[in-house]
Amino acid sequence: MVEIRLTNSKTRKKEVFAPLDRENVRMYVCGPTVYDRAHLGNARPVVVFDVLYRLLRQVYGEGAVTYVRNFTDVDDKINATAQARKAAGAAGTLEELIRERTEETIGWYHADMEALGTLRPTHEPRATEFIPQMVAMIEGLVASGHAYAAEGHVLFRVRSYEGYGALSGRSVDDMIAGARVEVAPFKEDPMDFVLWKPSSDDLPGWDSPWGRGRPGWHIECSAMADELLGAEFDIHGGGIDLQFPHHENEIAQSCCAHPEGGFARYWLHNEMLQVEGKKMSKSLGNFFTVRDLLDQGVPGEVIRFVFLGTHYRKPMDWTEKKRAEAEATLRKWYRQVAEVSNSGEPYNAVVSALADDLNTAQAIAECHQLSIAGDLVTLYRTLQFLGLMGDTIPEWAAGADLAAYETLLFEAREAAMASKDFSRVDTLKAALIDAGVEVRMSKAGVELIPGAEFDPAKLEGLL
Ligand code: AMP
Ligand code: ZN
């Protein structure tokens with residue numbers, strides 16, 4: 001069996017991965033808050049943990065991996081959209097409008113992430129469907145002295161958990177000095193964080209022993225992970241921005257609720273995405289969603305390929321240059337594998353590269369080797385394994401069938417040789433080059449190779 005090694009944020013070491021149960025390897029990844037379209041940065045953890053999911057399925061078997069990724073559907077921004085729609089005269093109760101907003105956002109999320117070749121997790125729990133489990137967990141924490149109720153809130157008593165700060169490597173006192181902790185009169189300690197908070201009448205809320213209210217964000221993940229994966233499971237993932245405080249708080253809640261458990265054994269964090277060397281932000285004008293890119297004609301496979309080019313623990317830069325290179329490489333590979341059939345296993349060197357702490361850049365390098373060596377059956381299967389293609393060549397690349405244009409140019413050249421008038425040949429060549437096609441003419445014939453900038457629309461009317 002292939003040995004998987006992963007960098008565990010908890011120990012800051014690359015460790016051999018040994019699951020608790022090889023028949024049921026369990027992974028939890030923090031999912032999106034469903035208030036709007038996913039931006040390109042949100043897609044990074046989805047692709048990173050999809051690669052890990054695929055690797056685990058390859059090594060332990062397709063039915064031997066349980067992958068949970070939640071939807072956070074309790075959120076002020078969702079409420080704000082629903083309230084705005086209601087104020088604008090939309091029909092339905094606030095609850096219905098909230099449900100409508102989250103349904104629509106989840107639909108977008110599924111479509112956008114599917115375009116990136118990511119598999120659906122085994123379970124995609126919504127926070128609103130696990131409120132009783134959250135309430136029960138909070139009750140347990142209050143009973144064991146790890147939490148206290150105050151003015152309709154329930155707070156986690158951070159100093160009651162000795163291990164607090166271990167994941168992010170901070171001491172509680174450092175955190176107080178540096179953090180933007182919310183000071184509130186009802187808190188025993190500024191570090192204490194909210195497990196439950198009261199809801200006003202115009203906001204969604206659930207009945208609880210502490211009055212009508214709603215859960216804090218951190219308890220959502222703890223309760224859903226516990227319900228679906230148990231008190232101890234293998235891997236917990238998410239963006240590095242979630243390490244503190246979100247993951248630190250998840251650990252504190254879960255380990256205090258289930259001291260026998262231990263919660264997640266391996267913690268994996270992906271670094272952030274930037275755009276042309278800068279943080280992606282609305283104010284810099286470089287903020288865009290996955291859907292924006294897809295609508296501009298950037299294929300999902302190209303986005304995924306660019307993501308795979310950077311190791312998940314390094315910041316990754318989205319650039320126009322990388323997009324163009326990715327598109328050219330994929331066009332070449334798809335053209336190569338177009339004629340082969342799907343059979344066999346992915347290339348073992350690619351599986352080994354991923355087993356080495358998800359070395360996706362190395363995996364791509366190995367694919368280049370397969371392409372050069374002409375081992376196209378293996379390349380085909382490996383591209384599928386990496387999520388870069390399904391059962392057929394993606395339409396955007398399959399559309400690049402230039403055979404008819406090759407014949408056209410070949411015949412025009414034959415005619416020109418006889419007439420000594422090459423103007424038609426020159427016009428055709430110029431049009432092809434303008435459409436992003438490389439034109440190779442030799443005695444033997446004409447070869448047309450679509451480049452990264454290939455635009456089939458520009459060829460319309462030539463034939
Ligand atoms: P959110 O919906 O904001 O809670 O984020 C959902 C996921 O996207 C989390 O795992 C974040 O860590 C991740 N994320 C947000 N922004 C970025 C970014 N710029 N680069 C990479 N991951 C990000
Ligand atoms: Zn979480």
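Before we start, one term: a residue is near a molecule if one of its heavy atoms lies within 4 Å of it. Also keep in mind that what you're looking at is a predicted model.

Now find ligand 1. There are 14 residues around ligand 1, and Gly 41, Asn 42, Gly 239, Asp 241 and Leu 273 come nearest. If you sort the shell by class, you get five nonpolar, six polar and three charged residues. Which helix gives the most to this shell? That's helix 1, with four residues.

Let's zoom in on some of those neighbours. Asp 241 has a polar side-chain atom 2.4 Å from an oxygen atom of ligand 1. Asn 42 also uses its side chain: one of its polar atoms there lies 3.1 Å from an oxygen atom of the ligand. With Leu 273, look at the backbone instead, where an N or O atom sits 2.8 Å from a nitrogen atom of ligand 1. How much of the ligand does the protein cover? On its own, ligand 1 has 490 Å² of accessible area, and the protein covers 84% of that.

Searching the whole structure for cavities of 30 Å³ or more turns up two. The largest cavity holds about 90 Å³ of space. Its lining includes Arg 44, Val 47, Val 48 and Val 51, along with Phe 307, Leu 308 and His 311. Helix 1 (40-60) and helix 9 (300-308) each supply at least two lining residues. Helix 1 shows up again as the top contributor, giving four residues to this lining. By class, the lining has seven nonpolar residues, three polar ones and one charged.

The second largest cavity has about 30 Å³ of space. Around it you'll find Met 137, Ser 222, Asp 226, Ala 231, Ser 254, His 258 and Phe 263. These split into three nonpolar, three polar and one charged.

Finally, let's look at two spots in the backbone. Here's some background: most residues other than glycine have a negative phi, and most peptide bonds are trans. Now look at Phe 244 and Pro 245, which are joined by a cis peptide bond with omega about 0°. Pro 245 has its place in helix 7 (residues 243-257). Then move to Glu 151, a residue other than glycine whose phi is positive, near 50°. Where does Glu 151 sit? You'll find it in the loop between strand 5 (147-150) and strand 6 (153-156).

Technical notes
Residues are numbered from 1 along each chain as its sequence is written. Chains are lettered from A and ligands numbered from 1 in the order in which they are written. This is a predicted model: local features need pLDDT of at least 70, side-chain atom pairs count only at pLDDT 80 or more; totals for chains, interfaces and linings use all residues. Side-chain values use heavy atoms; hydrogens and water are left out. On a 1 Å grid over the protein atoms alone, a cavity is a set of points where a 1.4 Å probe fits but cannot get out, and a pocket is an open set with protein on both sides within 12 Å along at least five of seven lines; lining residues have an atom within 4 Å of a point. Grid points are joined across faces, edges and corners, and a volume is the space filled by probe spheres set on the points. Ala, Val, Leu, Ile, Met, Phe, Trp, Tyr, Cys and Pro count as nonpolar, Asp, Glu, Lys and Arg as charged, and the others, Gly among them, as polar. A polar contact is a pair of N or O atoms within 3.5 Å; within protein, one must be able to donate a hydrogen and the other to accept it, and residues adjacent in sequence count only if both atoms are side-chain atoms. Accessible areas come from the Shrake-Rupley method with a 1.4 Å probe; for residues, only the protein chains shown count as cover.
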